[in-house]
Every structure is written in C-alpha cells, then in structure tokens.
Amino acid sequence: GCPVVPVGSLAALAWPHADRPGFAASDARMGQCYHAAVSAQPASFATDGWEAQGSAPALADPEAVAACLGRFAAAVPTGAAWVAVGDAFLRYPALAAQARAAGAHVVAVAHPRADALLARAALAWAQGRVLVADEAAPRYVRDKVARDVDEQAASRRAAALAR
C-alpha cells in the first residue's frame with residue numbers, strides 16, 4: 001500500500017555534484033557506457049532528473065559517448081564549473097582526457113551512494129513524483145544482455161571464417 005519513488009542510478013551517481021552541470025557515465029561492460037547529462041539545479045530535476053539538460057539515460061559505445069560529451073561540453077557556458085562523473089571515465093581514459101580538456105572536474109572513482117538515493121527520493125516525494133507500487137517496474141537502458149543460441153553460432157562461424 002506504500003507508494004514507490006523511482007530513482008535512477010545515473011541520477012544518484014551525479015547527485016553529490018548537482019550544484020553544477022555535469023555528465024554522468026557509467027561503464028556498462030560489453031564495450032559500452034550508460035550516460036546522461038545532469039541538471040545543475042536539484043530542484044529542477046523532473047522525471048528522473050534529465051529533462052533540464054535534454055538528455056535521457058542512454059547506452060552507447062565510447063566513441064558515441066565522446067560525441068555526446070563534446071556536445072554537452074560545448075553547451076556549458078564558458079568558464080562555468082562542470083563535472084564529469086562515473087567509472088566510465090576510469091575505464092575509458094580518452095573520455096576523461098576529453099572532459100578535462102573541455103574544463104570538467106573529472107570524478108572517475110564514483111558510485112551511487114545510499115545518501116544520494118535517499119536525497120533524490122526525498123525530493124521526488126516532496127514533488128509528488130511517486131508510483132503506485134503495482135505500477136513500479138525497473139527501467140533498463142539495455143534490454144538485451146546476452147546473445148541467443150543462433151547469434152552465438154553465427155559469431156563462431158564468423159570467427160572461424162576470419163581465421
């Protein structure tokens with residue numbers, strides 16, 4: 001009978017740095033990253049916090065993330081302090097170098113913290129952004145995490161042909 005407050009992991013990851021614009025990127029394994037632009041104003045977070053910057057959480061390879069990071073950095077006002085946060089900046093050093101070159105403070109060793117989840121949840125609760133428990137469901141950015149049998153066989157055939 002209790003409502004549920006949705007909080008995304010990228011929003012929680014970025015919360016300690018919510019006093020400035022930022023770009024959150026988390027290593028998604030499989031040669032990809034989850035990423036999103038981060039609102040500079042916690043009070044303006046809406047529907048999981050991303051609309052203020054026009055960036056919903058997405059999944060992409062590091063090269064595509066670099067392009068998104070470049071567009072984000074170009075939109076940050078000149079001289080404004082901003083942050084690049086998440087373990088993708090540790091896993092892919094070129095992303096960290098790109099962010100630093102664009103003026104970001106890079107926080108590569110970062111994980112969503114319980115206090116950040118609680119703070120995000122409290123704000124969402126205060127704004128009335130809650131779900132009826134029966135309507136709550138995880139939102140996966142990557143909906144396919146394994147290859148099926150046919151895909152595995154095709155991959156083996158392609159590898160054999162490449163030899």
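Asp-19 counts as exposed because its relative accessibility is 62%; the cut-offs are under 20% relative accessible area for buried, over 50% for exposed, and partly exposed in between, with a 1.4 Å probe and protein chains only. Asp-19 forms a salt bridge with Arg-20, with 3.7 Å between the closest N and O atoms. A salt bridge here is a side-chain nitrogen of Lys or Arg within 4 Å of a carboxyl oxygen of Asp or Glu.

A quick word on ground rules: this is a predicted model, where local features need pLDDT of at least 70 and side-chain atom pairs count only at pLDDT 80 or more, while totals for chains, interfaces and linings use all residues. Residues are numbered from 1 along each chain as its sequence is written, and side-chain values use heavy atoms, leaving out hydrogens and water.

The structure holds four salt bridges. Side chains of opposite charge can pair when their charged atoms come close. Asp-27 and Arg-29 meet in one of them, at 2.6 Å from N to O. Arg-29 is exposed at 54% relative accessibility, whereas Asp-27 is buried at 11%.

Asp-27 also meets Arg-91 in a salt bridge, at 3.8 Å from N to O. That pair links distant parts of the chain: Asp-27 sits in strand S1 and Arg-91 in helix H3 (residues 88-91), 64 residues apart. Arg-91 is partly exposed, with a relative accessible area of 48%. Through shared partners, Asp-27, Arg-29 and Arg-91 are joined into one network of salt bridges.

## The sheet

What is the strand order of the open sheet? Its five strands run S3-S2-S1-S4-S5, with mixed pairing. Strands S3 (58-60) and S5 (104-107) are the edges, each pairing on one side only. On average, neighbouring strands are turned by 25 degrees against each other, direction ignored.

For the bookkeeping, strands (E, at least two residues) and helices (H or I, at least four) are DSSP runs numbered from the N terminus, and two strands pair if DSSP finds at least two bridges between them. Strand S1 (residues 22-29) pairs with strand S4 (residues 82-85) in the parallel sense, over three bridges. Gly-22 has Val-83 in S4 as its bridge partner.

## Helices on the sheet

Helix H2 (residues 62-75) packs on the sheet, touching S1, strand S2 (32-38), S3 and S4. Contact means heavy atoms within 4.5 Å. The direction of H2 makes about 175 degrees with that of S1; axes are lines fitted to C-alpha atoms, for helices over the stretch in contact, and angles run from 0 to 180 degrees between N-to-C directions.

Helix H4 (residues 93-101) packs on the sheet too, touching S2, S4 and S5. The direction of H4 makes about 150 degrees with that of S5.
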